[in-house]
Amino acid sequence: APILGIESSCDETAAAILAPDGQILAELVLSQIADHAAFGGVVPEIAARAHLTALDAMVKDALRQAGVGFADLAAIAATAGPGLIGGLLVGTGYAKGAALAAGVPYLAINHLEAHALTARLPSLAAGPVEFPYLLLLLSGGHSQCLAVEGVGKYRLLGATLDDAVGEAFDKTAKLLGLPYPGGPALEALAREGNAKALPLPRPLLHREGCDFSFSGLKTAIAQLLAAEPSGALPRARAADIAASFQASVTDILGDRLNHALAMLPAANAVIVAGGVAANQAIRARLSEVAGEAGKLLIAPPLRLCTDNAVMVAWAAIEHLRQGDLSAFNAPCKPRWPLDSL
Ligand code: ATP
Ligand code: MG
Ligand code: FE
């Protein structure tokens, strides 16, 4: 029987229904970007209310598309953390209520685990990846490097010490006067600029392990902009700053991946996930570094790299295959590190 997945941990409301073999029967995502744009970032209270407004109709649409009812499901799964507590309560509360009413099991899914297992979806073009593999999770909320050794077996190899990489893109873009979310806008502007124009720092480069740090980079750009002549920043200058910033991030990520590869020589592949995986310069560099180590870099299609519910339903399937279920009083966990599973 099919599995329903629900995602509501940040600023995407999503519902998906998968067949037990992982085939996608329905897949819906509603981004809240427009609701938060005026504030330049995600406002938790607005996010929670938007999830509440959208979720019920979205789940019913997904059921209609898949041609099933609640009682036909094998399980209902929802992201229970990490994330914003209001959104988590909306998604898990809905999932528990529907599961109880329909008499089907409930699964509380870790959002990071869902990102980590996406690469094993049988329908992906590259074919399912076998354990162990390396996962670089590069999003607005997370920058982590994980050894994925089995379902429920994750070893954190490194994480950001300060900002997440997407956050660094968004903050730098804001300093440059670009619209929210800044990542895509900054990448577009960087194409017009010279990546060697400015000598920016590369925090932690060549340092042991694979921790990340980006806040020094953002500070360097803030200082650089403060020293600019007053008046509007010329577009060519902004483009040079954007290109130099992106080059620094690319160098950092390439170096960190290099270290991570040495920490997991048995890796069958390198998977990159999170919104920053959309960045072509970063993708190209990671692919190059993985290639030098004889590994393939696999990036799931972008819609499965960013927040979605297919990954939640798929993680539930992997757990169901192990016989795992959650209790109906399983809590939401705003903080829920993967290596605590
Ligand atoms: P979470 O960590 O909970 O998944 P999130 O919703 O912020 O948080 P995503 O939706 O995966 O994460 O990704 C959004 C982030 O990706 C934003 O910070 C955005 O700026 C960044 N991003 C998107 N496209 C690009 C790009 N082309 N280049 C760089 N960064 C990008
Ligand atoms: Mg998002
Ligand atoms: Fe995410």
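Leu138 is found in strand 6 of this predicted model, in which local features need pLDDT of at least 70, side-chain atom pairs count only at pLDDT 80 or more, and totals for chains, interfaces and linings use all residues. Residues are numbered from 1 along each chain as its sequence is written, while chains are lettered from A and ligands numbered from 1 in the order in which they are written. Helices (H or I, at least four residues) and strands (E, at least two) are DSSP runs, numbered from the N terminus. Leu138 has 28 C-beta neighbours inside 10 Å and therefore counts as buried; the term applies to a residue with 20 or more other C-beta atoms within 10 Å of its own, 12 or fewer making it exposed and values in between partly exposed, with C-beta atoms placed from the backbone. Beyond its neighbours within four places in sequence, Leu138 is in contact with Ser143, Val165, Gly166, Val272, Gly274, Val276 and Ala277, contact being defined by C-beta atoms, placed from the backbone, that lie within 7 Å.

Leu138 is also one of the residues that UniProt lists for "binding site" in an unreviewed entry, and Glu187 is another. Such positions are given in the numbering used here, with shortened feature names, and the annotations may be inferred rather than shown by experiment. Glu187 is found in helix 6 and, because 20 C-beta neighbours lie inside 10 Å, counts as buried. Its contacts, leaving aside neighbours within four places in sequence, are Gln246 and Asn279. Turning to ligand 1, 22 residues surround it, the closest being Gly140, Gly141, Gly166, Gly183 and Gly275; a residue is near a molecule if its C-beta atom, placed from the backbone, lies within 6 Å of it. Helix 6 gives the most to this shell, with four residues, and helix 5 (165-175) supplies at least two.

Pairing requires at least two bridges found by DSSP between two strands. Strand 6 (residues 133-138) and strand 7 run antiparallel and are joined by six bridges, with Tyr133 partnered by Val148; four residues separate the two strands in a hairpin. Strand 7 also pairs with strand 8 (residues 153-159) in the antiparallel sense, again over six bridges, and here Gln144 is partnered by Ala159. Two residues lie between strands 7 and 8 in their hairpin, where Gly152 in the turn has a positive phi of about 85°. Six of the eight residues of strand 7 (residues 143-150) are buried, so this strand is largely enclosed by the rest of the structure.

Helix 11 is mostly covered as well, with nine of its twelve residues buried, among them Val312 and Ala313. These two residues, together with Ala77 and Leu134, touch the most other members of the largest nonpolar core, which has 112 residues. Helix 8 (residues 235-263) gives the most to this core, with 13 residues. A nonpolar core is a set of buried Ala, Val, Leu, Ile, Met, Phe, Trp, Tyr and Cys residues joined through C-beta atoms within 7 Å. Just after helix 11, Gly323 takes a positive phi of about 85°.

Conventions: Contact = placed C-beta atoms within 7 Å.
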